[in-house]
Amino acid sequence: QVQLVESGGGLVQAGDSLRLSCAASGSTFSRSAMGWFRQAPGKGRELLASITWSGDSIRYADSVKGRFAISRDNAKNTVYLQMNRLKPEDTAVYYCAAGPTPAGPFPSWGQGTQVTVSS
């Protein structure tokens, strides 16, 4: 099992950038695929980006393709989500998750970090 803690959220203006971090503990992080999700008020949880354990395969949702970038540093047990050109509709709680493949399932979750984008 992997324990995950997100950080880096906050209040920004439209057009700004943020980088979220997800620090992992547990021996299986370097063998786990990782995903970033978000959940806006009144909406379901959306998979935004995922990455294989080696970083050689990455997937993005159409809603963030070209604006967001996922990366990982296995030496630091950390996965990142760089978010550029943020929009008010990006406002949500952002979660990282770990699992066996980038398509899921994702049995391990962090507690989430709030991102609020003002117009």
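How many bridges join β1 to strand β3? Five bridges do so, and the two strands, of which β3 covers residues 18-25, run antiparallel; strands here are DSSP runs of E with at least two residues, numbered from the N terminus, and two strands pair if DSSP finds at least two bridges between them. Within this pairing, Q3 stands opposite S25 in β3. This is a predicted model, in which local features need pLDDT of at least 70 and side-chain atom pairs count only at pLDDT 80 or more, while totals for chains, interfaces and linings use all residues. Residues are numbered from 1 along each chain as its sequence is written, and side-chain values use heavy atoms, with hydrogens and water left out.

Strand β7 contains F68, which counts as buried because its relative accessibility is 4%, where buried means under 20% relative accessible area, exposed over 50% and partly exposed in between, with a 1.4 Å probe and protein chains only. Leaving aside neighbours within four places in sequence, F68 is in contact (heavy atoms within 4.5 Å) with residues including R38, L48, Y60, L81 and Y94. The C-alpha atoms of F68 and L81, 13 residues apart along the chain, are separated by 6.7 Å.

A disulfide, defined as a pair of cysteine sulfur atoms within 2.5 Å, joins C22 to C96, with an S to S distance of 2.0 Å. The pair links distant parts of the chain, C22 lying in strand β3 and C96 in strand β9 (residues 92-99), 74 residues apart. C22 counts as buried because its relative accessibility is 0%, and C96 counts as buried at 0% as well.

Note on methods. Helix = DSSP H or I, 4+ residues; strand = E, 2+ residues; numbered from the N terminus.
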